Amino acid sequence: MCCLTVATTLLTTTILSGQITPKKLPAQRTNKHVTIDGKLNEAAWQDAAKAEEYVEFRPVIGRKESYENRTESFLMYDDQGIYFGGTCYERSIDSIAKELAGRDGFGMNDYIGLIFDTYNDQLNGFEYFVTPLGEQWDAKMTSNQNSNNGGEDFSWNAVWKSAVVLHDKGWSFEMFLPYSAIRFSKDKVQDWGLNITRRRRKTEQQYTWNAIDPNVNGFLTQEGTWTGITDIKPPLRLQLSPYFSVYGNHFPINQVGQNNWNSQVSGGLDLKLGLNQAFTLDATLIPDFGQVQSDNQVLNLTPFEVKFNENRAFFTEGTELFGKGNLVYSRRIGGRPINLHKAYENVDSNEKILSNPNESKLINASKISGRTKNGLGIGVLNAVTRAQHAMIENLETKSIRQVETDPLTNYNIVVLDQTLKNNSSVSFINTSVIRGSGNYNANVSSGLFSFSDKKNRYNLRGSAALSNLSYKTEDKRNILGYSHSLGFGKNSGRFTFNFSQELTDTKYNSNDLGYFTNNNFINHYFYVGYRYTEPKGWYNRLFLNFNSSVSSLFSPIGNIESTYQNSRLQVNINAQTKSLHWFGIMLNYRPKENDFYEPRTSGFLFTRGTSVTLGGWIESNSAKKYSFVLEAFERKFFNFYDANGLDLFIGQTYRFSSKFSVNLRLGLTPRPRGVGYTTTLPDQTILFALRKVSTLDNVLSLKYNFTNKMGLTFRARHYTSVVENKEFFTLNGDGTLSPKSEVTQNYNRNVNYFNIDMVYTWQFAPGSFLNAVWKNATYYGSDSAQDRYFENLGNTLDADQNNNLSLKVIYFLDYLQLKGKKKGRE
């Protein structure tokens, strides 16, 4: 025991001093048969290279595995793919954390994972994980100079095989990765970056084959090497996923000549084609996104658009290149028509609108992405949406006319990303939106760089972008805008810091294919932090930081002399305790602010008072059957109306078994005294109100997994937000407010959304799925300030409900497998 303690101390010192030598594992080829059943009883495993002596990096850096909980793993390859197997030892089967959570569902699971950096550039990798109950996770990994863990894209999915066996000594696993599930070069002899990681969730211990220091920036920068891989050839990668779907929809229109029920039968195809060893073409023909999760709709009281999550698989899978520069918000593709309200402006008194779709129809989409062996990443995405029309009926003649609300539109993204030594890169991205029918076009181009020093401690990064709105009419000129960012920081070590600046002129606009709130600003940011990553006393990890920012206008607005917008000082403390609980404390101070956007009218500002926010959060040990998250933040303004507000969030999870769990998430944001924009009166008076806003967001989620290939999920959400205006004010030219008594309308709001998403999924073959989905959507709104929760819930459930039932079958076809089966029959 004494010798083990001394060895662990020496190893920890070596890791923290950065002196550890990366491990090398010789690549062993086999020509023997292996059956993927999790048992490792074939003779081939006797010849495989053994990866052992895993090292802990959480919570104790550099500690060797104990003998009872050791990891034995083996790696080999043949002409078809890569074999990875081994045993994760445990004292008893009860020590294993296991939960059926669905593919890429994480859950409360132990896992072991294999990470390949096939081009050995320490910037891009592929990850493949398996859990004790045989569920698979996979991801693309990219190194992020501003993050210690880099970025993991778990929406990327490959088709591969795995099997697991539980036994009294722990659990054993086997994985087979066909070469079609990974990208690599055609070189005769190759060395790949390699690491293997194991996590034990009940103790939150995490180990790697090649030692990792969490104080060093980057995971891939600390990999070992799989050496001497010889004579492997990238296969022809041709994979088809044809689909067939049936939809039935019911909404109680209850009007003569209109059916409450309608149905739709559809079919289409997703295609993946390897253009060469590095690049892949993904295409979706006649896409069907009807089964994606419902959006979390809210009452938006801000001057900016609500940003929704992207749930369409095509636009989330393998799109890490397209995220460069933060210029792409893929919900723009097939999103809200740009002239949606044009239909309402052209309705005569003897007409009515029959339909005005709020989403454009996607015709097709394709993308090409990959990276050469020299580190050049190339991404091209193109999508086309058809013209959208509102249908307007003449009540007298019954004739129907069309009003175009969205033209035929082509969306295009091009990305070039060159990796450099020392975890550095330079990139270029261009986005363009080309519209028909005389509408304007939009184009944005941006160059980015990120340079790190040899020791990967310091980083200099920046970007410069130009936007151009091109109009097709002579009465409008093209609008050219500019934006840039620049930052420098120390990202490795216990002490870290960052300085950065962002600047955007008054004409820059990336909104047509990106999420864009406003231009005309110069922002400066500063961050300094210190982290304790070795367990001491009461904590496992402790993180302290101070950050601040100041924002000003790039150019004055109208006759307003001041360009100051806002500033912030903030302190954060976050820690994990020895009992595996997390908690954090935050203190935020914001001096007086000038808000140029809340008035909704250019040339005006609203002056907010000084505010202080104090809050904290706690997250219990998630390995327990019952776990919770609690967050509470209180903000207090110091001005004549003494506005204040509380943000409270409670999340609770109970796991009844490895198959069944329940999660309840409650968000409560009472604003008993708040001030904000209400409306602009006909005489152009900008009306504000002192108001009470009560918002509650309640989400209940149930999950039952029958097997690791079949599961049922149920998600119900009720959102309610009630606005009760107490006093009205007019906005003065200097940003102050004056009382206004003669307001005849209360402008109260009562908004409720209710949704159900119930999904049955069965993976009946590798890459092939049957999905049955029930979706319910209900809306209730009024001008009543009634904020009794159950009364609003009852009114919402009594409102007209839209119910949608759908069945979709996706069948995966792989050219190589079909070719192999054909040869077998011959």
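The structure holds three cavities of 30 Å³ or more. A cavity is a set of points, on a 1 Å grid over the protein atoms alone, where a 1.4 Å probe fits but cannot get out. This is a predicted model, in which local features need pLDDT of at least 70, side-chain atom pairs count only at pLDDT 80 or more, and totals for chains, interfaces and linings use all residues. Residues are numbered from 1 along each chain as its sequence is written, and side-chain values use heavy atoms, with hydrogens and water left out.

**Cavity and pocket**

- The second largest cavity has a volume of about 320 Å³, a volume being the space filled by probe spheres set on the grid points.
- Its lining has 24 residues, with Phe-126, Lys-140, Arg-183, Glu-320 and Gly-370 nearest the centre; lining residues have an atom within 4 Å of a point.
- Strand 19 (362–371) is among the strands that supply at least two residues of this cavity lining, and its four residues are the largest share.
- By class, the cavity lining has six nonpolar, eight polar and 10 charged residues. Asp, Glu, Lys and Arg count as charged, Ala, Val, Leu, Ile, Met, Phe, Trp, Tyr, Cys and Pro as nonpolar, and the others, Gly among them, as polar.
- The second largest pocket holds about 830 Å³ of space. A pocket is an open set of points with protein on both sides within 12 Å along at least five of seven lines.
- Of the 31 residues lining the second largest pocket, Gln-80, Phe-176, Pro-178, Leu-816 and Gln-817 lie nearest its centre.
- Strand 11 (170–178), strand 45 (813–814) and helix 4 (815–825) each give two or more residues to the lining of this pocket. Helix 4 gives the largest share, four residues.
- The pocket lining divides into 17 nonpolar, seven polar and seven charged residues.

- Strands (E, at least two residues) and helices (H or I, at least four) are DSSP runs numbered from the N terminus.
- Strand 38 (residues 660–680) and strand 39 (residues 686–707) run antiparallel and are joined by 18 bridges; two strands pair if DSSP finds at least two bridges between them.
- These two strands form a hairpin with five residues between them, and Gln-684 in the turn has a positive phi of about 70°.
- Gly-676 stands opposite Ala-689 in strand 39, and Leu-687 stands opposite Thr-730 in strand 40.

**Aromatic rings**

- A search of the whole structure finds 50 aromatic pairs. Rings of Phe, Tyr and Trp (its six-membered ring) pair if their centres lie within 6.5 Å; planes under 30 degrees apart count as stacked, over 60 as edge-to-face and the rest as tilted.
- Tyr-329 and Tyr-515 form an edge-to-face pair, 5.7 Å centre to centre with 80° between the planes.
- Tyr-329 lies in the loop between strand 17 and helix 2 and Tyr-515 in the loop between strand 28 and strand 29, so the pair ties together parts 186 residues apart in sequence.
- Tyr-329 counts as buried because its relative accessibility is 7%, whereas Tyr-515, at 26%, counts as partly exposed. Buried means under 20% relative accessible area, exposed over 50%, and partly exposed in between (1.4 Å probe, protein chains only).
- Tyr-440 and Tyr-471 form a tilted pair, 5.5 Å centre to centre with 35° between the planes.
- Arg-435 lies over the face of Tyr-440, at 4.7 Å from the ring centre. For such a contact, NZ of Lys or CZ of Arg is within 6 Å of the ring centre and within 35 degrees of the ring normal.
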